[in-house]
Amino acid sequence: MAIPMTDSIYVPNPATVVKIKPLTAMEKVFTIELPRGVSLGHRPGQFVQVSLLGIGEAPISISSSPSRSNGTFELCVRKVGDVTNAIHALNEGATIGVRGPFGAGFPIEKFKGKDVLFAAGGLGLAPARSVINQVLDERGSFNRVILLYGAKTPGELLFKDELATWRQRDDIEFHVTVDRGDADWKGNVGVITTLFPKVAVDPRNTVAITIGPPIMYKFVLMELLSKGIPEGEIWLSLERRMKCGVGKCGHCQINHLYCCVNGPSFTYAQLKGVEEAV
Ligand SMILES: Cc1cc2nc3c(=O)[nH]c(=O)nc-3n(C[C@H](O)[C@H](O)[C@H](O)COP(=O)(O)OP(=O)(O)OC[C@H]3O[C@@H](n4cnc5c(N)ncnc54)[C@H](O)[C@@H]3O)c2cc1C
Ligand code: FES
């Protein structure tokens with residue numbers, strides 16, 4: 001559902017950056033407000049196209065959950081190139097362009113009553129956080145909540161305040177790891193798959209959501225499948241180059257799938273056998 005302000009799906013809506021919070025050397029969280037109290041009306045797992053005049057447009061996942069929207073939404077942006085560096089250079093009060101929300105998002109209603117296992121790697125926590133917080137805000141509707149999160153180093157862990165809160169809750173099984181520790185790091189060291197032996201999984205009642213870099217998917221999928229979780233209950237989010245965001249240009253196409261419209265979240269059952277998907 002697009003924001004009902006401009007008549008064209010290609011024309012960005014002006015929006016205001018109301019708050020900027022640095023998270024790491026590479027990532028900042030931007031709180032965005034649309035004019036006239038318009039709500040973004042997103043689902044967890046959707047993304048927006050963010051544009052800056054004269055620079056360009058980039059797809060960015062919505063990191064806040066609909067349950068915490070409050071008339072604003074959050075984007076966690078890693079600076080890697082032209083658009084994302086320009087977003088990082090903005091000050092509070094700046095105007096950006098927003099199109100969307102786009103994508104199918106996660107069918108969170110279907111997850112109710114199940115054990116929900118999240119495996120997020122690196123920046124993958126940004127989109128995963130939208131689903132995680134929605135699940136936590138409706139905690140009674142889900143069975144076990146298992147969160148596995150991995151980053152390269154302790155300095156690259158995102159949303160450290162929230163990680164501390166999750167660690168303290170006794171209704172979440174939370175495990176975090178880093179590829180390389182430092183002098184202060186007392187936790188697990190190793191890639192995210194080293195966390196899987198710490199959790200017992202009931203494959204008959206588990207839905208798994210994994211979001212992270214492509215290399216992570218290969219190994220996490222092996223773990224999830226070896227635990228017997230059905231292919232249709234394993235969700236992953238694909239990142240592909242995007243342009244229109246609405247299924248017209250073909251930039252994000254993988255065979256018959258359009259990441260921008262059919263995804264970016266797919267089940268492994270949908271992707272299995274699709275060349276170059278995972
Ligand atoms: C559905 C979706 C959701 C995303 N969510 C987020 C998010 O929440 N936070 C975030 O920081 N980023 C996210 N990204 C990635 C983000 O869109 C890219 O980093 C951004 O488009 C880069 O634009 P740029 O102009 O800053 O970099 P450019 O100047 O275009 O490129 C910088 C470098 O990144 C490479 N690159 C650019 N875009 C991509 C891409 N899509 N895939 C692989 N390599 C690329 C280029 O080849 C180049 O090496 C998402 C991408 C998709 C498709
Ligand atoms: S980005 Fe144009 S079809 Fe998906």
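Analyst: A polar contact is a pair of N or O atoms within 3.5 Å. A backbone N or O atom of Asp 82 lies 3.0 Å from an oxygen atom of ligand 1, so this pair counts as a polar contact. The model is predicted; local features need pLDDT of at least 70, side-chain atom pairs need 80 or more, and totals for chains, interfaces and linings use all residues. Residues are numbered from 1 along each chain as its sequence is written, chains are lettered from A and ligands numbered from 1 in the order written, and side-chain values use heavy atoms without hydrogens and water.

User: Which residues come nearest to ligand 1?

Analyst: Pro 59, Cys 76, Arg 78, Thr 84 and Arg 241, out of 18 residues around ligand 1. A residue counts as near if one of its heavy atoms lies within 4 Å.

User: Why are S4 and S5 said to stand at the edges?

Analyst: The open sheet has six strands in the order S4-S3-S6-S1-S2-S5, with antiparallel pairing. Strand S4 (56-61) and strand S5 (72-78) each have a single partner strand, so one side of each has no neighbour in the sheet. Neighbouring strands are turned by 40° against each other on average, direction ignored. These angles are taken between lines fitted to C-alpha atoms, on a scale from 0 to 180 degrees.

User: How do you know that S1 and S6 pair?

Analyst: Two strands pair if DSSP finds at least two bridges between them. S1 and strand S6 (residues 95-102) have four, in the antiparallel sense. One bridge sets Ala 15 against Ile 96 in S6. Strands are DSSP E runs of at least two residues, and helices are H or I runs of at least four.

User: What makes the pairing of S11 and S12 count, and in which sense do they run?

Analyst: Three bridges join strand S11 (residues 206-211) to strand S12 (residues 234-237), and the two run parallel. That meets the two-bridge rule. Ala 208 stands opposite Ile 234 in S12. Both strands belong to an open sheet of seven, S10-S9-S8-S7-S11-S12-S15, with mixed pairing. Its edge strands are S10 (188-189) and S15, each pairing on one side only.

User: Why is the lining of the second largest pocket split into nonpolar, polar and charged?

Analyst: Asp, Glu, Lys and Arg count as charged. The lining has seven charged residues, four nonpolar and one polar. Among the lining residues are Lys 19, Glu 74, Arg 129 and Asp 161. Strand S1 (13-22), strand S2 (27-33) and helix H3 (160-168) each supply at least two.

Note on methods: 1 Å grid on protein atoms, 1.4 Å probe; cavity = no way out; pocket = protein on both sides within 12 Å on 5 of 7 lines; lining within 4 Å. Polar contact = N/O pair within 3.5 Å; in protein donor to acceptor, adjacent residues only side chain to side chain.
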